[in-house]
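Good morning, colleagues. Please look at the sequence and the structure on the screen while I speak.

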Amino acid sequence: MNEQSRGIHIRDISKSFGAFKALDHVTLEVPQGTLLALLGPSGSGKTTLLRIIAGLEWPDAGAIEEDGTDITDRHAREREVGFVFQHYALFRHMSVFENIAFGLRVRTVPQREIIARVNELLHLVRLEGLGQRKPSQLSGGQRQRVALARALAIRPKILLLDEPFGALDAKVRVELRQWLRRLHDEIGMTSIFVTHDQEEAFELADEVVVMNHGKIEQRGTPDEVFDQPATPFVMDFLGNVNLFHGRVEKGKAFWHGIPIAYPDYPHAEAKAARVYLRPHELELVRGTKSASIENKEQSGGEQSLSAHVLRITRNGAITRISCRPHDSESELHVDLPAEAARSLGLETGENVLITPRNVRVFLPDPEYVI
Amino acid sequence: MPHPAPHTAHAGTLLGRLLIAAAVATVGFIIVVPLASVFFEAFAEGPAAWWNALAHDPDTRHAIWLTLTVAPVAVAVNTVFGIAAAWLVARFRFPGRSLLITLFDVPFSVSPVVAGLALVLIFGRQGLLGPTVEWLGVKVIFAWPGLVLATTFVTLPLVVRELIPVMEAIGPDEELAAVSLGAGGWQVFTRITLPNIRWALLHGMVLANARAMGEFGAVYVVSGHIAGATDTMPLRVEKLFQEYRTPASMSVASVLAGLALLTLLAKTIIERRIEMESRELEIARSLIDTLDDTRMGEDGL
């Protein structure tokens, strides 16, 4: 078996629930040992995809391969997949020990081995001494780790986690996230988790797959997805953007009259386009438009937008300055490090000049881009 | 009714006392006195006479025996049907599902006499399946199978009605988790589903048993009142009463009433169990979730 075919290969999977298309021709390769996040809003098909990989749901069309073998028709109980449910689905009438031992008991593993394996897992998830508790006597974070240990007990080839931190409060979530990342680095098992929280996906995963309406919008490392969003949806979903409606023509997009290079559209005919600017990728100085012309001459043609400050809000290390461009009714957010904002000493109503450092332009209908 | 809220809380006022007296009187006259009088009549000539009436009349003995065989069979059929039907309805969505749930309730809304007549129409000599049954050499009407069928019909909703809400509340995730851990269908059922529904199931079975032992109407129609052959306990009570053998009739009635009281006791114990388990779960959830932060700290994560 060559290295290339190791891992999970999802080929052209489709699934509908009545009239609702949950998955629409999804193809995805998950190499051996990857920690992959399926990121998307609810209804994007990410959980359905996870359940199809686990064999808990059947695809209408397409195939799943594991290490080069077609497992599409293989029953869930023969897939050797560890599944951690969103609400853990611990067996409520069994002790923690018996929960973890379940997968071994149904395989009729000898009692001595079961005890050794369960104790090893209790140690791994740091729940030693809690083996005789019932799930109802555990905290949320502890239950989550029992669910994880139970899934790992059968030594699965892949580990699937459905919103693994969704039911936990913020602090526990962050701690458990870091712990899970370390655990993955230790055991190196192919793992896929579903989340709607981009912070979670970016912090935990080697690779992020952004899904929307049953399709994959983009797949890449957290850096790739964040820095080079492939579609307007990804840009929007990753949040925190300023969106403007501008136009493109002759290889240039225009935002409030400021030209931005856009070589993908060389045609002379002007077209409407969406212009995205991230708040932290904008520069802001005090000043007015007349000064701006001077600036332009001094700085060699760089253009900036004249605006006035509407609000200044401090959020931890970041200060957000909301501005209104002089020539429009829209609102523009600029994020500055709190320190920089303080030394600027801005006040509401003051005039400022905003210069974009990084702009992304999307045509509304990509089919017109030739 | 004047003055609802603060005064009814403590029974100090005249109105409060009147209401309590009315409630006690109603329960007393409608439930306690008649029930007590059954036992009083049954033991009027002493325990020996009571025992004689039960044990030394072969027809009565047979009636007790018949009830004690028909009821468990009906309960068993109910249990199997109830689990299968509840599982179907709670775990799957299909066209006609709500119609099916409505059909489960038909035995509750149809008079038992009508149910008995329906069985006669189907299995009787001139009935739809009469010739088939006769050809098979099985006697249904005026025989044991008819009694079982009639009893099963009237008790049918009891188990399934108990199970549907419980199975829906528990949800399919534990069963799916067991499957993904490698459990087969039977293992999932015996190790996950059954333990989770055990108290609700037992509750339904106890109710079905009580109803089965006391059933009169449907059984009356299909039994044909053959003393020593197709008379169950309720039918025997009625027959003895019609024959002016009131003390004997009351003796059998007292056994039925005693069984009903036992059922009530079992039902109460089971209900307390169910309540305890759900309360335990709730308290544990609400309390421990708030302690999450400190707990995780102690764990050293």
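This is a predicted model: local features need pLDDT of at least 70, side-chain atom pairs count only at pLDDT 80 or more; totals for chains, interfaces and linings use all residues.

Residues are numbered from 1 along each chain as its sequence is written, and chains are lettered from A and ligands numbered from 1 in the order in which they are written.

The model scores ipTM 0.78 and pTM 0.78. Among the elements of chain B, the highest mean pLDDT, 93, belongs to helix H11 (residues 173–180), and the lowest, 42, to helix H16 (residues 292–299). Helices here are DSSP runs of H or I with at least four residues, strands are runs of E with at least two, and both are numbered from the N terminus.

Chain A contains 10 helices and 20 strands. Its C-alpha atoms fill a box of roughly 85 × 45 × 40 Å along the principal axes. Of its 370 residues, 40% count as buried, meaning that 20 or more other C-beta atoms, placed from the backbone, lie within 10 Å of a residue's own.

Let us consider strand E7 of chain A, residues 158–162. Why is E7 of chain A largely enclosed by the rest of the structure? The reason is that 5 of its 5 residues are buried. A:Ile158, A:Leu160 and A:Asp162 point one way, and A:Leu159 and A:Leu161 the other way. In a regular strand the side chains alternate between the two faces of the sheet.

Strands count as paired if DSSP finds at least two bridges between them. E7(A) pairs in the parallel sense with strand E6 (residues 81–84) of chain A over 4 bridges, where A:Gly82 stands opposite A:Leu159. E7(A) also pairs in the parallel sense with strand E8 (residues 190–195) of chain A, over 5 bridges, and there A:Leu160 stands opposite A:Ile192.

Finally, I turn to an antiparallel sheet. This open sheet of 5 strands in chain A has the order E13-E12-E11-E14-E20. Its edge strands, each pairing on one side only, are E13 (258–261) and E20 (360–362) of chain A. Strand E12 (residues 252–255) of chain A pairs with E13(A) over 4 bridges, and the bridge partner of A:Lys252 is A:Ala261.

Key: pLDDT is the predictor's confidence in each residue, from 0 to 100. A residue is buried if 20 or more other C-beta atoms lie within 10 Å of its own, exposed if 12 or fewer, and partly exposed in between; C-beta atoms are placed from the backbone.
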